[in-house]
Amino acid sequence: MSKRLHYFNHQFLVEQDFLDEQRYHISMRRHLNRELHSWGVVSGLQVTHEGGREITIAKGFALDQEGRELILP
């Protein structure tokens, strides 16, 4: 799990500090997605077969087994 940053006045920040903060928030969101929700399609992502070898996937949202969001706008 990533380390959470603690800020204070007049603190000198570098690029890595911001990258670490983003990594922390992504890690926590994925952890919550994994623990509070089951993986699979949340909404949309309908698959339709059109013709011999053509399929269409409608826009939608899903979670994979690692808690990552899968978004098709």
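**Figure 1. Strand 4 and strand 5 form an antiparallel pair.** Four bridges join strand 4 to strand 5 in this predicted model. One of the residues involved is Phe61, whose bridge partner in strand 5 is Ile71. Strand 4 covers residues 60-63, and strand 5 covers residues 69-72. Both strands also contribute to what covers the buried residues of helix 1.

**Figure 2. The three-stranded sheet is open, with the order 1-4-5.** Its pairing is antiparallel. Strand 1 (40-44) and strand 5 are the edge strands, and each pairs on one side only. On average, neighbouring strands of this sheet are turned by 15 degrees against each other, direction ignored. In a regular strand, side chains alternate between the two faces of the sheet.

**Figure 3. Asp64 sits in the loop between strand 4 and strand 5.** Its relative accessibility is 16%, so Asp64 counts as buried; the cut-off for buried is under 20%. The side chain of Asp64 makes a polar contact with the side chain of Arg68, at 2.6 Å. Asp64 is also in contact with Trp39 and Leu70, once its neighbours within four places in sequence are left aside.

**Figure 4. Helix 1 runs over residues 15-36.** The helix has 22 residues. At 1.5 Å a residue, helix 1 should span 32 Å. The C-alpha atoms at its ends are 32 Å apart, which agrees with that expectation.

Figure 5. Asp17, Tyr24 and Asn33 are the buried residues of helix 1. An α-helix has 3.6 residues a turn, so residues three or four places apart point the same way. The cover over the buried residues of helix 1 includes strand 4 and strand 5.

**Figure 6. Tyr24 is a buried residue in helix 1.** Its relative accessibility is 15%, and Tyr24 therefore counts as buried. Asn9 is 15 residues away from Tyr24 in sequence. In space, the C-alpha atoms of Tyr24 and Asn9 are 21 Å apart.

**Figure 7. Strand 2 and strand 3 form a hairpin.** Strand 2 spans residues 47-50, and strand 3 spans residues 54-57. The two pair in the antiparallel sense over four bridges. Glu50 has Glu54 in strand 3 as its bridge partner. Three residues lie between the strands of this hairpin. In the hairpin, Gly51 takes a positive phi near 85 degrees.

**Figure 8. His10 has a positive phi in the segment before helix 1.** Most residues other than glycine have a negative phi. The phi of His10 is near 65 degrees, although His10 is a residue other than glycine. At 83% relative accessibility, His10 counts as exposed.

**Figure 9. Leu45 has a positive phi in the loop between strand 1 and strand 2.** The phi of Leu45 is about 55 degrees, although Leu45 is not a glycine. His10, by contrast, counts as exposed.

How values were computed. Residues are numbered from 1 along each chain as its sequence is written. This is a predicted model: local features need pLDDT of at least 70, side-chain atom pairs count only at pLDDT 80 or more; totals for chains, interfaces and linings use all residues. Side-chain values use heavy atoms; hydrogens and water are left out. The expected span of a helix is 1.5 Å times one less than its number of residues. Buried means under 20% relative accessible area, exposed over 50%, partly exposed in between (1.4 Å probe, protein chains only). Contact means heavy atoms within 4.5 Å. Two strands pair if DSSP finds at least two bridges between them. Axes are lines fitted to C-alpha atoms, for helices over the stretch in contact, and angles run from 0 to 180 degrees between N-to-C directions. A polar contact is a pair of N or O atoms within 3.5 Å; within protein, one must be able to donate a hydrogen and the other to accept it, and residues adjacent in sequence count only if both atoms are side-chain atoms.
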